[in-house]
Amino acid sequence: MTHSAWNSTSTLVCAMLIGGAIGCGRRHATVQSKPPATASPSEPSVSTPLVSVPALTYRPPSPGPNDQKTVTLAPFQLEAHAVTNAQYLDFVGAEPAWQRQRVRAVFADAGYLQHWPGDLEIATSDRDLPVVNVSWFSARAYAAWRGRRLPTQAEWEAVAAVGLLALDGSTELGTMKRILDWYSRPGGAPLQAVRSTPPNCLGVYDLHGLVWEWVEDFNSALLTDDSRGGGSKDNSLFCGSGALGAANPSDYATFMRQAFRSGLRARYTVRNLGFRCAADLVRTH
Amino acid sequence: MTARTSNLSLAILPMLALAACDKASQAAPTGTSASASTPALEVALRGEENAVLTAPPKVPPPITRKHPTRVVVKLEVREKLMPIAEGVEYTFWTFGGTVPGSFIRVREGDQVEFHLSNHPDSKMPHNIDLHAVTGPGGGAAASFTAPGHTSQFSFAALNPGLYVYHCATAPVGMHIANGMYGLILVEPKEGLPRVDREYYVMQGDFYTGGSYGQTGIQGFSMEKAVREEPDYVVFNGSVGALNGDKALTANVGETVRLFVGNGGPNLISSFHVIGEIFDLVYDEGGGIANTNVQTTLVPAGGSSMAQFKVDVPGTFILVDHSIFRAFNKGALGMLKVDGPASTLVYSGKQDDRVYQPEGGAIQSVSVAKTTPLPANLSKEERMGHGARVYAQVCMACHQQDGKGIPAAFPPLAKSDYLMADTRRSIDVVLKGLQGPVTVNGTAFNSVMPALALSDDDVANTLTYVRNSWGNAGDMVTSADVAAARGGN
């Protein structure tokens, strides 16, 4: 992938790609994608700014014997923060099939949007909080409505590995501890608004420390079949065998995200599971 | 399947033998249980009941029914902040809200219908691997549960024994290090020998950001966990969980059974109760009992059943006898036994005396050897030699003027005790003296060490003191000393 393939509106400095250790300034490359297809009910929210992500290197946490140890991803765009309740309210207003009372049970379980006071009603204080209690199906539907898509696990993980100061976050002291600290705080505390944790050097907020996030292929780590049914799970991530084949047995944060994702099925909703959208880069030439 | 069946019958037999030792009437014929197989278990299932789950240190009551049944176990995973020590909070991940998790008790042959619920507020997915399960993963894959969901699976309790259960979700060490373990007892068909008290004690090691006792909310330290250097090693989830008001209790004459588990994640426990000997230990929670055990090893992810009769009252301390863990990391619990003392079994303190290491209770002070003196020394010559020995050996306590030190060292000057009995004064120098004496009407209770002096020196010194500071006595000869030394 060459730099010329990038959207010219991307203000991210491509130079940072030459040599991974170069630090990056905090620039928010905002790329406007297609406008919402339908008008929102009231006080329409805007779609989240997209951040351009350069060609990052991704290391699969548990590569199979025939898998590549590292994968270079195509540049893409990722929303700077998770989808908020206000944004999601616009969506269900426009797409009634995804309202709480109407959603089909096969697409979302009983917890779907349970924190909302009504089908088309959210608490004012919740407007800027990440929407949670959404299923994979509903997250995909939202993304499609925005003209976007869910990020792949590789894309999400690659951006999550970006540091606050440099593309390679693995060298930043305390990064793992900061992430583990969030995981080891008990759940149930009130959620924080989006953008309440420091952005990484690309300008992406809250990948750690706010909520879990759906990815397109959430079930690729452990599940081997359709995740609606009784999926036969690969036992290799349980107990001690979890370390077998792991690229880095000390990367507990990645283990935990993988475990979390593989505990899900597509219709599940969870109190601290939200999502954000991604988009392909638009070629200008 | 055949292999499993034979395995089962092998496991039962020792249990039966033990039951027979204690309660002959309970021993069932061994031939019938050997024929048990999985189909037979299913046929024999009768009824259904909800398992009684208990928080540590309590144990559900013994199972009295004589037939296998369907037992429904409902266990909830909660992630919660709890104290790990005074003023120190830690985010525990729990089975049933406690560390260790709820104690589960089923009977050999039961069909266990397991419902694992993960509280909606949980951050993590969790599962359960019960070592009592015969099947891949011990239930781990089947019970893998996202927050806000419940998983159900079933298993046959084929093998009797005391088994650990734990969460097996990656990274498994962190889930265990956060307290996700507990015990499930599969009682043998015949039941366990009846005891008066049963308790649930489980050890675990914890790795916190701050060092031991550092107050505030402490997070999990992955570094320390990987290095296997815990800040806390505790029984039942926190420092002092079994101390003071929360101590285990029993009465004299009762038999106590401890269901001991070790969640780890890293350390092996050298489990010991100070002042007790385990009459029976089912090593590693298995079917064979050892007798008269002082310390039993409890592996990480393993268990032990320890049984003992308490014969005397007092506080018995439970420790991991890898003793720095007890002293510095919290691995201490208490069993308080009430009832009448039995001085035959244990006297309590019978005496308290000053210990001085050289020569038992009475210290022996050695003095440089001297060449023998002629036997026919005069009284004055003996007093001259004796004065030098007195200055070297005796004066520190009895003082230059022989008046001693009030309340500590009795006077020799004008001493009725010294002068009353020459032979006694020789013995005191040779053998030392301790305990109460009355000198010139004043009581002393102190220690004089035995003095390793030559016969000449003893004779000369005694001659000196018995004829100084107003004392007027006879001469003590080396022959007198030799006779005393010989016990005559």
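The model is predicted: local features need pLDDT of at least 70, side-chain atom pairs count only at pLDDT 80 or more, and totals for chains, interfaces and linings use all residues. Residues are numbered from 1 along each chain as its sequence is written, chains are lettered from A in the order in which they are written, and side-chain values use heavy atoms, with hydrogens and water left out.

**The interface.** In chain A, 31 residues are in contact with 30 residues of chain B, where contact means heavy atoms within 4.5 Å. Between the two chains the count is one salt bridge, a term for a side-chain nitrogen of Lys or Arg within 4 Å of a carboxyl oxygen of Asp or Glu. Four residue pairs are in polar contact between chain A and chain B, both residues being at pLDDT 80 or more. A polar contact is a pair of N or O atoms within 3.5 Å; within protein, one must be able to donate a hydrogen and the other to accept it, and residues adjacent in sequence count only if both atoms are side-chain atoms. On the side of chain A that touches chain B, α5(A) supplies the largest share, six residues. That side of chain A divides into 17 nonpolar, ten polar and four charged residues. In this division Ala, Val, Leu, Ile, Met, Phe, Trp, Tyr, Cys and Pro count as nonpolar, Asp, Glu, Lys and Arg as charged, and the others, Gly among them, as polar.

**Helices α4 and α5 of chain A.** Helix α4 (residues 175-183) of chain A packs against helix α5 (residues 252-262) of chain A at an angle of about 40°, with the axes 9 Å apart. Axes are lines fitted to C-alpha atoms, for helices over the stretch in contact, and angles run from 0 to 180 degrees between N-to-C directions. Helices (H or I, at least four residues) and strands (E, at least two) are DSSP runs, numbered from the N terminus. From α4(A), Met176(A), Ile179(A), Leu180(A) and Tyr183(A) meet Tyr252(A), Ala253(A), Met256(A) and Arg257(A) of α5(A). The residues of this contact are seven nonpolar, no polar and one charged.

**Salt bridges.** Over all chains the structure holds 25 salt bridges. Two of them are tabulated.

| Side chains | N to O distance |
|---|---|
| Asp121(B) and Arg271(A) | 2.7 Å |
| Asp110(B) and Arg65(B) | 2.8 Å |

Asp110(B), in the loop between β4 (104-107) and β5 (111-118) of chain B, and Arg65(B), in the loop between β1 (48-50) and β2 (70-85) of chain B, are 45 residues apart.

**Backbone.** The peptide bond joining Val99(B) and Pro100(B) is cis, with omega about -5°. Pro100(B) is in the loop between β3 (88-95) and β4 of chain B. Another cis peptide bond runs from Ala170(B) to Pro171(B), with omega near -5°. Pro171(B) lies in the loop between β8 (161-166) and α4 (172-177) of chain B.
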